[in-house]
Amino acid sequence: MSLPRHVTPAALLRRLDGIAASLEGQPGTLLLLGLGSVGADLRRLDDHSDLDFFVVVEPAWKAAYVQGVHWLEQAAPLAFHFQNTPDGRKALFEDGILAEYAVFTPDELGAATYAAGRVVWARAGQSPLPLREPPVPAPASLDWQVNEALTNLLVGLHREARGETLSALRFVQGYAVDRVLNIAALLSGPESDQRDPFAPERRAEVRFPALAPEFAAMMPGYGHTRAAARAILNWLRTHVAVPAGLARELDRLLAGPEGEDIPARP
């Protein structure tokens, strides 16, 4: 179901341009770099996008732009904001646009990790800044992803047996599912992989249309971790080689219907 929202892609881009205009009139500002769906990949911009960006300033001005929001309020009124990292804030505008940003000096930007950016504004005459996108490490090998997923299931099932239901959910329906997504990406090849290196779940339904129908069974919710583990193990068995010894132990833990106690170790 699509949630109604009065924000449009055009409004998001206008807001970013408004922030750029505000920064241009402020002291110590050098550059505004759009990221994510307002960065180099504008094709992903839609009614539910937010504004991710970096502001680059002279070193003496960094604290002022991290701690103060006057330059944002010149673009549009704010409803809420808070400092969520040492370098930046999240801010909600009155019209529902959410912004998440960080403030860096030129040297700090060169060391930052970020997805491909787009220069929205740069001060005239500014010397070139280190805007290259740092290399993102490739995902771990297929064997590592498979073995990590299976041991996530193992730990999660034992947490469930101990009564740690929430922790079990995270290991099975969270961590193991993240590994499944990475496995699906490795199996599909680079041509079809448009992964977000910082969040494997992003755009999963579009990237993996054959896997998406399995999500409901892999993540049925609190108190249903054993059913989730069965679904994940079955998917892994269908698509990759599962080590026999680990498979036997998981089968033992999953013996019996949902709700029964996990069998004790022999």
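A crossing is left-handed if the near helix is turned anticlockwise from the far one by less than a right angle, and right-handed if clockwise. By that rule, α9 and α10 cross in the left-handed sense. The model is predicted: local features need pLDDT of at least 70, side-chain atom pairs count only at pLDDT 80 or more, and totals for chains, interfaces and linings use all residues. Residues are numbered from 1 along each chain as its sequence is written, and side-chain values use heavy atoms, without hydrogens and water.

**Helix pair**

Helices are DSSP runs (H or I, at least four residues), numbered from the N terminus. Axes are lines fitted to C-alpha atoms over the stretch in contact, and angles run from 0 to 180 degrees between N-to-C directions.

| Property | α9 with α10 |
|---|---|
| Packing angle | about 150 degrees |
| Axis separation | 11 Å |

Angles over 145 degrees count as roughly antiparallel. The two helices α9 and α10 are therefore roughly antiparallel. Arg226, Leu233 and Arg237 of α9 meet Ala247, Leu250, Asp251 and Leu253 of α10. Contact means heavy atoms within 4.5 Å.

**Cores**

A nonpolar core is a set of buried Ala, Val, Leu, Ile, Met, Phe, Trp, Tyr and Cys residues joined through side-chain atoms within 4.5 Å. Buried means under 20% relative accessible area (1.4 Å probe, protein chains only). The largest core has 32 residues; Leu150, Leu153, Leu211, Met218, Ile232, Trp235 and Leu236 touch the most other members. Its largest share, eight residues, comes from α6. Beyond four places in sequence, the contacts of Leu153 include Val172, Ala229 and Leu250. A second, separate core of 28 residues includes Leu16 and Phe53.

Key:
Angles under 35 degrees count as roughly parallel, over 145 as roughly antiparallel, 65 to 115 as roughly perpendicular and the rest as oblique. Buried means under 20% relative accessible area, exposed over 50%, partly exposed in between (1.4 Å probe, protein chains only).
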